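Biologist: I'd like to learn how to read a model like this one. Could you take me through it feature by feature?

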Amino acid sequence: LQAPLVAVVMDMVPGEDDASLLDDPHYAMAHRLLAFDGPPAALRHAVNPAWRGVTPYVALLRPGAAPTFALGMPSDAKLRAWAAPEAAKR
């Protein structure tokens, strides 16, 4: 399974230390790296009102479908169901 990985950072303000953010090995596999400035609780609520701020928090996105959320690394079963939703129904 290959899908683009977009990492969203909420604990570092953009422009604060971009060089170290871009060099962080945690984000090396990301296709896009986004950082947001603002109240973390408001940002979390905008992503998912049920999210209580525990990280990593993963949103699996598929066009035309509701996001699938996972706290921490998604399980293989969750990834397979997201990647091939019709196969998961059988």
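Modeller: Let's start with some rings: Trp-51, Tyr-57 and Phe-69 form one aromatic cluster. Before we go on, this is a predicted model, so local features need pLDDT of at least 70 and side-chain atom pairs count only at pLDDT 80 or more, while totals for chains, interfaces and linings use all residues. Residues are numbered from 1 along each chain as its sequence is written, and side-chain values use heavy atoms, with hydrogens and water left out.

Biologist: How many aromatic pairs does the structure hold?

Modeller: A pair of aromatic rings is described by the distance of the centres and the angle of the planes. Rings of Phe, Tyr and Trp (its six-membered ring) pair if their centres lie within 6.5 Å; planes under 30 degrees apart are stacked, over 60 edge-to-face, and the rest tilted. Here there are two aromatic pairs. Trp-51 and Tyr-57 are stacked, at 4.5 Å centre to centre with 10 degrees between the planes. Tyr-57 and Phe-69 are stacked too, at 5.4 Å and 15 degrees.

Biologist: Which elements hold Tyr-57 and Phe-69?

Modeller: Helices (H or I, at least four residues) and strands (E, at least two) are DSSP runs, numbered from the N terminus. Tyr-57 sits in strand 3 and Phe-69 in strand 4 (residues 68-71), so their pair ties together parts that are 12 residues apart in sequence. The chain has four helices and four strands, in the order β-α-β-α-β-β-α-α from the N terminus on.

Biologist: Is Trp-51 buried or exposed?

Modeller: Buried means under 20% relative accessible area, exposed over 50%, and partly exposed in between (1.4 Å probe, protein chains only). Trp-51 counts as buried because its relative accessibility is 11%. Tyr-57, at 23%, is partly exposed, and so is Phe-69, at 22%. Across the chain, buried residues make up 16% of the 90 residues.

Biologist: What about strand 1: which residues are on its covered face?

Modeller: In a regular strand the side chains alternate between the two faces of the sheet. In strand 1, Ala-7 and Val-9 make the covered face, while Val-6 and Val-8 make the uncovered one. Two strands pair if DSSP finds at least two bridges between them; four bridges join strand 1 to strand 2 (residues 32-35), and the two run parallel. Val-6 stands opposite Arg-32 in strand 2. From strand 1 the chain crosses through helix 1 (residues 18-23) to strand 2, a right-handed β-α-β crossover. Right-handed means that, with the strands pointing away from the viewer, the path from the first strand over the helix to the second runs clockwise.

Biologist: Where does Pro-56 lie?

Modeller: Most residues other than glycine have a negative phi, and most peptide bonds are trans. The bond from Thr-55 to Pro-56, though, is cis, with omega near 0 degrees. Pro-56 lies in the loop between helix 2 and strand 3.

Biologist: How much space lies in the largest pocket?

Modeller: On a 1 Å grid over the protein atoms alone, a pocket is an open set of points where a 1.4 Å probe fits, with protein on both sides within 12 Å along at least five of seven lines; lining residues have an atom within 4 Å of a point. A volume is the space filled by probe spheres set on the points, which are joined across faces, edges and corners. The largest pocket has about 1600 Å³ of space. Of its 37 lining residues, the closest to its centre are Leu-5, Val-6, Ala-7, Tyr-57 and Val-58.
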